Amino acid sequence: MSRIDWRRHFGLREAGVYYALLILLGILAAMAQARGLPNYLTAQNLGNIGYQASLVGIMGVAMTVMLITGAFDLSVASVAALAAAILVGLAPQIGFPLAALAALITAAGIGLLNGAIVQFVGINAFIVTLGTLTAVRGLVLVLTDGRSLMVERADTLAQMLAFESTRVPVFWALLLIAAALCALGLTRRQPLVIGSGIVVAVLALLAGPAFSVAAPVVYLAIFTALVWAVLKFTVIGRNIYAVGGNAEAARLSGINVHAYKLGAFILSGLAAGFAGILFGCRLGAINPTALQGTELTVIAAAILGGTSLFGGAGSVVKTVVGALLLFTLTNGFNVLNLGASYQGLIEGVVVIAAAAIYTIGGERKRTRRVPAEASPVLETMPVPPSGAPV
């Protein structure tokens, strides 16, 4: 039976984002107590952080898949704004379900267009999606005529609010998830998964049976679980990692690289469209500058979660934790009234520090591996005769 590599499982590279979130929550709770403010670690406040992070989390999960395949999508925020504009513009005329469907189809179509240009024309994904970012934002301006739109029909607005703002009790679901994580961790001998299950169970018990969260948090959890399961347990998931790790080797192995990369772009578009629908439902309105700059927050969440910008590595669960980390910072600044001037500065420093930790950790890992792999080769190398050039 193989021994568990505790050092790897609980090292900074593998579990750093979890440590960062726990340490940040502890610091904010201590600061709130020192200032005489209400308890920071209440179930309501933690639920609010999850709610605020839900849209970025949904786009971040799809962005992680995109990055794993070795591609990039800068247009997600503009696509989400376009989906929200279509929803708000069409819902009063054709109803909420059909308007949401139209928004999703449009978003998926933009994802398909991005992927087709990248794969079949051969233009770099960064350039293509940068162009799409600008073009789609321009389309939002055209659709809204440069002004804010809002849903005025009461029945349609009620449907939209019910879809986005319904509170869902999650106490028993959290206990089931905790039990499943513990069982999975024991079966696969993964201490980090067992630890995650214990943390989820403790949080559920502290929150109590009446604990509930807004619907977007549930949507994020379901989407993350589905993508995680596909990446972890299916051939499709292994092929996605193979495509990002070495596209040419994957192609020679019989994997349809074009299909997987196109699928990642479509998934990114769909996730952005769904996030835009939630955004439109949340406000019942849309303005032309909505969600501007959010694409950088989405990418920052993936980087905090340790996803490689060069493809072949990444975890959707850690991306969601990265999004929670970013919005915990925002929430902490608001609750403690620390001043928004420093918020961007600190968030930027956190992202750079995380990237540095992952980079240094990766280099040390390669450094340890090279001598171990090189030594047998050196031992078998023929010794040159005396006086011969080496």
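I take buried to mean under 20% relative accessible area, exposed over 50%, and partly exposed in between, with a 1.4 Å probe and protein chains only. Helices are DSSP runs of H or I with at least four residues, numbered from the N terminus.

**Basis.** I am reading a predicted model, in which local features need pLDDT of at least 70, side-chain atom pairs count only at pLDDT 80 or more, and totals for chains, interfaces and linings use all residues. Residues are numbered from 1 along each chain as its sequence is written, and side-chain values use heavy atoms, with hydrogens and water left out.

**Helix 10.** I looked up which residues of helix 10 are buried, and found Ala215, Pro216, Val217, Leu220, Phe223, Thr224, Val227 and Leu231. I then checked the span of this helix, residues 215-233. The expected span is 1.5 Å times one less than the number of residues. For the 19 residues of helix 10 that gives 27 Å, which agrees with the 27 Å between its end C-alpha atoms.

**Core.** A nonpolar core is a set of buried Ala, Val, Leu, Ile, Met, Phe, Trp, Tyr and Cys residues joined through side-chain atoms within 4.5 Å. I noted 88 residues in the largest one, where Leu87 and Ile286 have the most contacts inside it. Helix 3 (residues 43-68) supplies the largest share of this core, 13 residues. I listed the contacts of Leu87 (heavy atoms within 4.5 Å). Beyond its neighbours within four places in sequence, Leu87 touches Phe96, Ala99, Ala100, Met160, Ile277, Gly280 and Cys281.

**Salt bridges.** I counted three salt bridges, each being a side-chain nitrogen of Lys or Arg within 4 Å of a carboxyl oxygen of Asp or Glu.

- Glu164 pairs with Arg282, the closest N and O atoms being 2.8 Å apart. This pair links distant parts of the chain, since Glu164 lies in helix 7 (residues 154-165) and Arg282 in helix 13 (residues 257-283), 118 residues apart. Glu164 counts as buried because its relative accessibility is 0%, whereas Arg282, at 24%, is partly exposed.
- Arg153 pairs with Asp155, with closest N and O atoms 2.9 Å apart. Arg153 is partly exposed at 42% relative accessibility, and Asp155 is partly exposed at 43%.
- Arg251 and Glu248 meet at 2.6 Å, N to O. Both lie in helix 12 (residues 247-252), three residues apart, about one turn of the helix.

Terms used
Helix = DSSP H or I, 4+ residues; strand = E, 2+ residues; numbered from the N terminus.
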